[in-house]
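Let's walk through this one together, one question at a time. Have a look at the model first.

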Amino acid sequence: MCKIIAITNQKGGTGKTTTTVNLGIGLARAGKKVLLIDADPQGSMTASLGYEEPDNIDITLANVMMAVINDEEMDLDYGILHHEEGIDLLPGNIELSGLEVSLVNVMSRESILKSYLLSIQDQYDYILIDCMPSLGMLSINALVAAHSVIIPMQVAYLPVKGLQQLIRTISKVRRQLNRNLQIEGILLTMVDFRTNYAKDILEKVYEIYGGKVRIFDARIPLSIKAAETSAEGISIYKHDLKGKVSQAYQALTQEVLQS
């Protein structure tokens, strides 16, 4: 059975896209059939997988969702790209901004993405959705379509404080639109293990959320290597297989496989 995971945080710069890419490719390396969906108009994940000009791609998530809205027939692989590291990608670009505005007047607007995924999910073991850094209609679509949510969170004071709003939104979606939605866990990213500040923030996270939400044992360390992978269009595994970031994402992959 396919598991659909939304990877979301309303704050930018949390390692959300990097996590989606490296968890997805980690799952593919473990023998799973994986689809990554770029639901961010910036197209950051599409670009970080080597498609340098997302806005020049002819068919993206925006076209697919518009086809669902207009009740048009689509092939199962419509718009899907096959990446050399073993995952499939449904790209995103600036056209998603226009789609988000259009969704306001659409019937069952929160369920358009879910409707699409129901038609293709039998082809995959995992579908990961990289959400935009806001809680707009595209992010709500992702939460309605998903079985669970992973929340990447930078180890810093403001992201910890802002997490409460996101958790409230997830709870509201669960109550009103998707009763099966669960929080898979909080993933701590950009952790600088050398500083007392990071240790203090970690304690704060466990104090506030530890009793309510799972916090993954895997922690993604602060590293220039992770930033370099996005520029090169490859995963951390291909860039630095034995490095600490790669090992952290392998550990996260195992936790997700066991959950």
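Q: Which elements do the buried residues of α4 pack against?
A: This is a predicted model, where local features need pLDDT of at least 70, side-chain atom pairs count only at pLDDT 80 or more, and totals for chains, interfaces and linings use all residues. Residues are numbered from 1 along each chain as its sequence is written, and side-chain values use heavy atoms, with hydrogens and water left out. Helices (H or I, at least four residues) and strands (E, at least two) are DSSP runs numbered from the N terminus, and contact means heavy atoms within 4.5 Å. The packing partners of α4's buried residues are β2 (34-39), α3 (61-69), α5 (112-120) and α6.

Q: Within what arc do the buried residues of α4 fall?
A: Helix α4 spans residues 95-103, and its buried residues (under 20% relative accessible area, 1.4 Å probe, protein chains only; exposed is over 50%, partly exposed in between) are Leu96, Leu99, Glu100 and Leu103. They line one face of the helix, because seen down the axis (taking directions from the helix axis to the C-beta atoms) they fall within an arc of 105°.

Q: Which residue of β4 is the bridge partner of leucine 36?
A: Strands pair if DSSP finds at least two bridges between them. β2 and β4 (residues 88-90) run parallel, joined by three bridges. Leucine 36's partner in β4 is leucine 89.

Q: Which are the edge strands of the sheet?
A: The open sheet has eight strands with mixed pairing, in the order β3-β4-β2-β5-β1-β6-β7-β8. Edge strands each pair on one side only, and here they are β3 (81-82) and β8 (215-221).
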